[in-house]
Amino acid sequence: MLKRDIILKQLARTNKKNFENYVVTGINHLYQPNTRIWFPKLYLNGDWDNRMTEDEQTIYEKPVDPGEVAAHAKGVFESGIHTRIVFARVIDSLGMVMYRFKGEFELNMEASKKKGCLVWERKKTAVKTYQPESR
């Protein structure tokens, strides 16, 4: 089980492609259907204004451009992927980028429609982990 206070210092290693300039925002879970592993910046940045409540129970996700909010929400609603395992991007005191585990969140579609942004509510503070496939 993956529990709170887990930090990833590196997302992936590969010698097949150069991911140095590639920004990963999320990937679909290999073993859990309709689940995405998400690596958000939970602060205003570039094209996104993602925020987490102080109690860490809710994440609000929206594009900065008001003209993109409805299309983004529609795309997520229609995707059927309404569960996210969240590793929030943080920077430590030495300036190193890390991803801190925040839990498993589910999309609240009704609250999203009322708030005008995607509303993700935490359902779990621990998630199942899987053995890596042998190569």
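This is a predicted model: local features need pLDDT of at least 70, side-chain atom pairs count only at pLDDT 80 or more; totals for chains, interfaces and linings use all residues.
Start with the inside. The largest nonpolar core is built from 13 residues, and I59, F105, L107, L118 and W120 are the ones with the most contacts within it. Helix α1 (66-79) and strands β9 (83-91), β10 (97-107) and β11 (118-124) each put in at least two residues, with α1 giving the most, at three. Once neighbours within four places in sequence are set aside, I59 still touches quite a list: W38, L42, R51, M52, V86, F105, L118, V119 and W120. There is also a second, separate core of seven residues, with I37, F39, F87 and Y99 among them. In soluble globular proteins, nonpolar side chains tend to be buried together.

On to the rings. Searching the whole structure turns up five aromatic pairs. In one of them, F87 and F101 sit 5.5 Å apart centre to centre, with 55° between their planes, so the pair counts as tilted. F87 belongs to strand β9 and F101 to strand β10, so this pair ties together parts 14 residues apart in sequence. F87 is buried, at 6% relative accessible area, and F101 is buried too, at 1%. Ring pairs also join F39, F87, Y99 and F101 into a cluster.

And the outside? L30, Y31 and Y130 make up a nonpolar patch on the surface, and together they have about 330 Å² of accessible area. Y130 comes from the segment after β12 (126-127). With a relative accessible area of 32%, Y130 is partly exposed, because that value falls between the 20% limit for buried and the 50% limit for exposed.

Terms used: Residues are numbered from 1 along each chain as its sequence is written. Side-chain values use heavy atoms; hydrogens and water are left out. A nonpolar core is a set of buried Ala, Val, Leu, Ile, Met, Phe, Trp, Tyr and Cys residues joined through side-chain atoms within 4.5 Å. Buried means under 20% relative accessible area, exposed over 50%, partly exposed in between (1.4 Å probe, protein chains only). Helices (H or I, at least four residues) and strands (E, at least two) are DSSP runs, numbered from the N terminus. Contact means heavy atoms within 4.5 Å. Patches are made of residues with over 30% relative accessible area and no salt bridge: like charges are joined within 9 Å, nonpolar side chains (Val, Leu, Ile, Met, Phe, Trp, Tyr) within 5 Å. Accessible areas come from the Shrake-Rupley method with a 1.4 Å probe; for residues, only the protein chains shown count as cover. A salt bridge is a side-chain nitrogen of Lys or Arg within 4 Å of a carboxyl oxygen of Asp or Glu. Rings of Phe, Tyr and Trp (its six-membered ring) pair if their centres lie within 6.5 Å; planes under 30 degrees apart count as stacked, over 60 as edge-to-face and the rest as tilted.
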